[in-house]
Every structure is written in structure tokens, then in C-alpha cells.
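Keep the viewer open as you read.

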Amino acid sequence: MNIIKTKLEGVCIIEPVVFADERGYFFESFSQKEFEEKVCKTVFVQDNESKSTYGVLRGLHYQKPPYAQSKLVRVVKGKVLDVALDIRRGSPTFGQHVAVELSEENKRQFFVPRGFAHGFVVLSEDVIFQYKCDNFYAPKNEGALAWDDADLSIDWKIPSGDVILSEKDKHHSSLKEMKLVFDYKINQYE
């Protein structure tokens with residue numbers, strides 16, 4: 001696997017080695033050993049999959065400590081724009097984001113560590129999206145930010161009128177209004 005570091009510490013793009021011929025293709029989508037050698041030591045405990053149609057935007061989500069999650073995400077079918085946003089108090093990149101296109105063609109994966117909000121929007125007709133999490137889902141510890149917070153300047157690559165949100169995702173606060181729960185300096189959570 002090829003690791004592409006981003007401007008956000010710990011957030012990286014992972015490109016697998018794909019073996020393709022006239023029969024199709026094969027690639028190793030995950031190796032615990034290689035992931036720990038090249039990215040970081042973590043143990044994924046839950047795999048999730050979602051199916052969505054064009055314009056569906058899920059995010060910007062995170063889980064509050066002590067149930068914070070790192071995520072390793074990828075697209076099986078279709079194409080998304082995937083976004084990681086630094087929400088660690090004291091981080092030199094606080095409030096900055098990285099966006100990457102994930103698709104069935106490029107087979108890229110995106111690692112989003114704890115301390116970052118995560119979201120994606122569907123750019124294709126539909127998408128099947130998978131993610132590995134290093135902590136279990138804890139509904140009482142959910143957190144989220146407004147996808148359209150003007151201070152974040154995220155270009156979601158589709159017209160805002162095409163965005164489809166869950167009822168819950170229509171009512172999130174801005175980053176300025178968020179009570180910060182991740183601390184960059186001590187690398188611990190309050």
C-alpha cells in the first residue's frame with residue numbers, strides 16, 4: 001500500500017496495490033500488520049456499510065470521548081467526496097479540512113483519526129460506502145457540525161440545492177458554537 005500524507009497530522013490517503021488483468025482485479029483491502037507499520041497502531045472493532053444516492057451528504061460527524069472513533073473509509077461502488085475536519089483544540093490545523101475523492105475506480109481509502117469530524121457527499125448516481133471503526137458506536141456520544149458552516153469553506157463539489165440531508169443533519173451547530181472536546185496539546189480527551 002502507498003500512504004499519502006495530508007496537511008492534517010494523522011489523516012492520510014491509502015492507495016492499495018491492485019493486480020488487474022482480463023479477468024478483473026484483486027487487491028488486499030486491509031492488512032493489520034501493514035497498517036500498523038505504515039499508518040498507526042489501532043484495532044478496528046466494527047465495520048459499517050451504507051448505500052446512498054446522488055446528493056446524500058452524511059456528516060460532519062464525530063463521537064465524543066471516551067467513545068471517540070478513528071475511521072478507515074472506502075467506496076465499493078460509485079464515487080464520493082470525503083472530508084476530514086480538524087476539531088482538536090490547540091492544533092496548528094484546527095478548523096482546516098482535507099477533501100479527497102474516493103471511488104470504485106481509484107480504490108483509495110481515507111484514514112480519519114480521533115479528533116476529526118468526518119463527512120462525505122455522493123457524487124455518483126449511487127454509492128456503497130464502507131468504513132472500519134476503532135471504537136463501537138455510542139449514540140449518546142454523537143457529535144456533529146453543520147456541513148455548510150461558511151467558516152469552514154468546504155467545497156462539496158455539488159450545488160447546495162442538490163444536497164440531501166437526514167433530519168438530524170439539518171440542525172447541527174457551527175464550529176464556533178461547538179464545545180471543544182478534543183485537546184491536541186496533551187493528546188488526551190476531556
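**Charges, rings and cores**

Searching the whole structure turns up 14 salt bridges, where a salt bridge is a side-chain nitrogen of Lys or Arg within 4 Å of a carboxyl oxygen of Asp or Glu. Before going further, note that this is a predicted model: local features need pLDDT of at least 70 and side-chain atom pairs count only at pLDDT 80 or more, while totals for chains, interfaces and linings use all residues. Residues are numbered from 1 along each chain as its sequence is written, and side-chain values use heavy atoms, with hydrogens and water left out.

One of those bridges links Arg23 to Asp21, with the closest N and O atoms 2.6 Å apart. Arg23 is exposed, at a relative accessible area of 75%, and Asp21 is partly exposed at 35%. The cut-offs here are under 20% relative accessible area for buried, over 50% for exposed, and partly exposed in between (1.4 Å probe, protein chains only).

Another bridge joins Lys38 and Glu34, whose closest N and O atoms are 2.8 Å apart. Both residues sit in helix α1 (residues 32-38), four residues apart, about one turn of the helix. Helices (H or I, at least four residues) and strands (E, at least two) are DSSP runs, numbered from the N terminus. Lys38 is partly exposed, with a relative accessible area of 40%.

On to the rings. The structure has eight aromatic pairs; rings of Phe, Tyr and Trp (its six-membered ring) pair if their centres lie within 6.5 Å, and planes under 30 degrees apart count as stacked, over 60 as edge-to-face and the rest as tilted. Tyr25 and Phe27 are stacked because their ring centres are 5.9 Å apart and their planes are at 20°. Tyr25 is exposed, with a relative accessible area of 51%, whereas Phe27 is buried at 14%. Phe120 and Phe129 also form a stacked pair, 3.9 Å centre to centre with 20° between the planes, and both of these residues are buried.

Phe30, Phe35, Phe44 and Phe111 form one aromatic cluster. Two lysines sit over ring faces: Lys107 over Tyr25, at 4.1 Å from the ring centre, and Lys132 over Phe30, at 5.0 Å. For this, NZ of Lys or CZ of Arg must be within 6 Å of the ring centre and within 35 degrees of the ring normal.

What about the nonpolar interior? A nonpolar core is a set of buried Ala, Val, Leu, Ile, Met, Phe, Trp, Tyr and Cys residues joined through side-chain atoms within 4.5 Å. The largest has 22 residues, of which Leu60, Tyr62, Ile87, Leu145 and Trp156 touch the most other members. Strands β6 (57-63), β8 (79-86) and β12 (116-122) each give two or more residues to this core. Apart from it lies another core of 18 residues, including Leu8, Val80, Ala84 and Leu102.

Finally, look at Ser174, in the loop between β14 (142-144) and β15 (182-183). Ser174 counts as buried, at 17% relative accessibility. Leaving out residues up to four places away in sequence, Ser174 touches Leu145 and Asp149, with contact meaning heavy atoms within 4.5 Å.
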